[in-house]
Amino acid sequence: MTKIYMIKNLLFKLSLLSIVVFAVFDSKAQGINWAKDGNSYYQISSGEIISVTLPKNDKKTVVSKTLLTPSGKSNAIAVRSFQFSTDGTKALIYTNSKKVWRYDTRGDYWLADLTNNKITQIGKDRPASSLMFAKISPDGTKVAYVSKHNLYVENVNGTGSKALTTDGTDRMINGTFDWVYEEEFNCRDGFRWSPDSKTIAYWQIDATKIKNFLMINNTDSIYPYTIPVEYPKVGENPSACKVGVVDIASAKTNWLNVPGDNVQHYIPRMQWVPNSNEIILQQLSREQNESKVFICDANSGTAKAIYTEKAKAWIDAQDEWEWLADNKEFTILSDKDGWNHLYRMSRDGKKQTLVTKGNYDVIDVKLIDEKNNYVYFTASPTNATQKYLFKTKLDGKGKLEQVTPSILPGTHNYDISPNAAFARHTYNSSVVRPITEWMNFTTGNPFTMDGSISTQLSKQETTKNKVEFFKVTTEDGVELDGWMKKPDNFNPDKKYPVVFYVYGEPASQTAADTYGAGRNGLYAGDMAKDGYIYISMDNRGAPVPKGAVWRKSIYKNIGVLNIRDQAMAAKKLLATNAFMDKDRVAVWGWSGGGSSTLNLMFQYPEIYKTGISIAAVGNQLTYDNIYQERYMGTPFPSKEAYIKGSPVTYAKNLKGNLLYIHGTGDDNVHYQNAEMLINELIKNKKVFQLMSYPNRTHSISEGEGTSEHLSLTYTKFLKDNCPPGAR
């Protein structure tokens, strides 16, 4: 359901859906491992770790295959990722990785000592591929890691292994997180070394009271078996959460005394205050509409609230705080004035300075350059479908300045070196395949003209049938952004079928000016060539840079407001474009988009004649508490909003052609949603088609032939029920 999960899994499966392509090139993490001075970066090349010095791109092997080959072995270990010690003399290598829910965060670690030219396995007494989030201590003497939900530490030479926690189980989780924290707060790495390397702060999640959701595997053995997932549904209590500080020498934990019930509050963010023995953390209320920032003393455990923010809707988990003015101030992002802006705040919380000012949203902070008094961030003040780099003075006294050349309309991303000397600039749009240039960030010029974006653009073939971006205003006065891909050899005097792609919930944007726009990777063929009009629009509630009112108007209205926006926009398009065939209108979506598809088919059957819904939440009361309660409020004392927004409530209204697709092994949106919906459709004698994929997860990607089968099923149903071509 969440953006991150949907992006990663659909990309892995298809790498084609427009929402996925947008998100990939919109990703904050660009994968550059910058050296501390910012003048070079590290990368994996031919199985080795090399450094690349800018601007001449001089390459030097830092960790060779020889060093990566353990004693007695003939082959070097495969480097999945790596990190260097503060002084750069040691490299911690991650390998042999395994998946934990969404990502391969469990594996083996090796410590390469560059001074002694020696490699040593870390945690060699632990089970294979069981280590998580290993980190070298700031002083470079130790490595800490999680294994089997306990926290361990040992010397960098692989000796002196010590358990820092011993109570870890599948449900008492130290140093990492349970399913729902990972899925909805993007929490995985659950511990932090102290600046002095003497202690470690870590989360403990007590999921012992969370009920199991049992998925059934009917195919991998003669007798079926259940797969339990600890999964807190809407209205169920979350896991208890607390933060402890464990002493490395004594293995004794001191718990922080954060006020408030540790079940009815979340702690999604925590880090050490630099050069101190204090911890800063964010606490969210159960409804996530009150956020408190605490500064905690690691020795005494005392916690002082220095900043509180309340909202009528929800407040997001913070990005990592950046510290300024010799650690006397820190940054926060907030949309409390109606726009998402950066603030700098004094350590005691008494002084706040608005850094970014104006009627625009800060999408993503890219670099805080305190030395030169600038903050760089992406934003799009005039076009919510695009994204550019801007800067302004860090003291809040400057004007908004656009860094990205305005002659390149579309979506831009930057990975800027820590010293603001260099940057990797990535650009794509609906008509431009993703291209990258390396820049001298001070001058704004590329290193070489051959590698510049302008040179690469001149070599790209021009797209003949371009995506058209449009705005449509509904009868409710709501203006939506959208894109439209018309058929090849389009004739305005003919009528063509229309296919709408929808997501519709607060987790993803679809109508972005990216290379994915207008492309349907699930369609087996070419929609434009076959004669379909393909459209996607972003309704209110979509996470686009249009201000807090736009994004948060969907609060307690998922399944109602977003559905009406989509339907009224479709109605307007059909009424004002004679080339759109009102009798051939289809809609499809995945996850939250599957839910929107069902609601559109059921609530507005006079508009949508054909629908394909994949992995949908049919009943909002079945989904996890963090996501659904964030956007819909808790179901106390009334479940009315949940019922009003759920597709099962309206299933009796089905008139058109519906294909419902779901994986029975979906641990995210459970297959029970399908069965609840099926029962309601059966009760009301509604004929539809169902495609279940045994044991497939939310991505429906596992198993030989699965992706191809899904594509063929989707395409055949669409062609049979919403025939392509002009009439």
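Modeller: The second largest pocket is lined by 26 residues. Val-100, Trp-101, Arg-106, His-149 and Asp-170 are the ones that lie nearest its centre. A pocket here is an open set of points on a 1 Å grid over the protein atoms alone, where a 1.4 Å probe fits, with protein on both sides within 12 Å along at least five of seven lines; lining residues have an atom within 4 Å of a point.

This is a predicted model: local features need pLDDT of at least 70, side-chain atom pairs count only at pLDDT 80 or more, and totals for chains, interfaces and linings use all residues. Numbering starts from 1 along each chain as its sequence is written, and side-chain values use heavy atoms, with hydrogens and water left out.

Now the volume. The second largest pocket has about 580 Å³. That volume is the space filled by probe spheres set on the points, with grid points joined across faces, edges and corners.

Next, the strands (DSSP runs labelled E, at least two residues, numbered from the N terminus). Strands E6 (90-100), E7 (103-113), E9 (131-136) and E17 (225-230) each supply at least two residues of the lining. E17 gives the most, with three residues.

The lining has ten nonpolar, seven polar and nine charged residues. Nonpolar covers Ala, Val, Leu, Ile, Met, Phe, Trp, Tyr, Cys and Pro; charged covers Asp, Glu, Lys and Arg; the others, Gly among them, are polar.

Key: Helix = DSSP H or I, 4+ residues; strand = E, 2+ residues; numbered from the N terminus.
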